[in-house]
Amino acid sequence: MESIKVHQPIGSDGVLHLDIPVGLMGQDLDAMLIYQPVLLRTVADLSLEDLYGICADDPINLDSSEISDALDEDLAGAFD
């Protein structure tokens, strides 16, 4: 059994469209749909707990001096 997670809008006609992987075309398939409505939230609604771990896939890379060149930009006037 495999699972596929998608985030798709439901059309005004009530139809949910799913793209099935190419490797499954022409095969019989048993499918089960479990859904959870998505609540739209603003940044003001987010807590620190909601934001925890959001950069886990974007690590900070340091050079041998433990200083990233990307952070060594000229910030003159950035806070004026």
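Modeller: On a 1 Å grid over the protein atoms alone, a pocket is an open set of points with protein on both sides within 12 Å along at least five of seven lines, and its lining residues have an atom within 4 Å of a point. This is a predicted model, in which local features need pLDDT of at least 70 while totals for chains and linings use all residues. Residues are numbered from 1 along each chain.

Biologist: What volume does the largest pocket have?

Modeller: Volume here is the space filled by probe spheres set on the grid points. For the largest pocket, this comes to about 1,200 Å³.

Biologist: Which residues lie closest to the centre of the largest pocket?

Modeller: The lining of this pocket counts 27 residues. Those closest to the centre are Ile4, Lys5, Val6, Leu33 and Ile34.

Biologist: Is leucine 18 buried, partly exposed or exposed?

Modeller: Leucine 18 belongs to the segment before helix H1 (48–51), a helix being a DSSP run of at least four residues. Its relative accessible area is 47%, and because buried means under 20% and exposed over 50%, leucine 18 counts as partly exposed.

Biologist: What share of the protein chain is buried?

Modeller: The chain has 80 residues, with 1 helix and 0 strands. Of these residues, the buried share is 1%.

Key: This is a predicted model: local features need pLDDT of at least 70, side-chain atom pairs count only at pLDDT 80 or more; totals for chains, interfaces and linings use all residues. Side-chain values use heavy atoms; hydrogens and water are left out. Helices (H or I, at least four residues) and strands (E, at least two) are DSSP runs, numbered from the N terminus. Buried means under 20% relative accessible area, exposed over 50%, partly exposed in between (1.4 Å probe, protein chains only). On a 1 Å grid over the protein atoms alone, a cavity is a set of points where a 1.4 Å probe fits but cannot get out, and a pocket is an open set with protein on both sides within 12 Å along at least five of seven lines; lining residues have an atom within 4 Å of a point.
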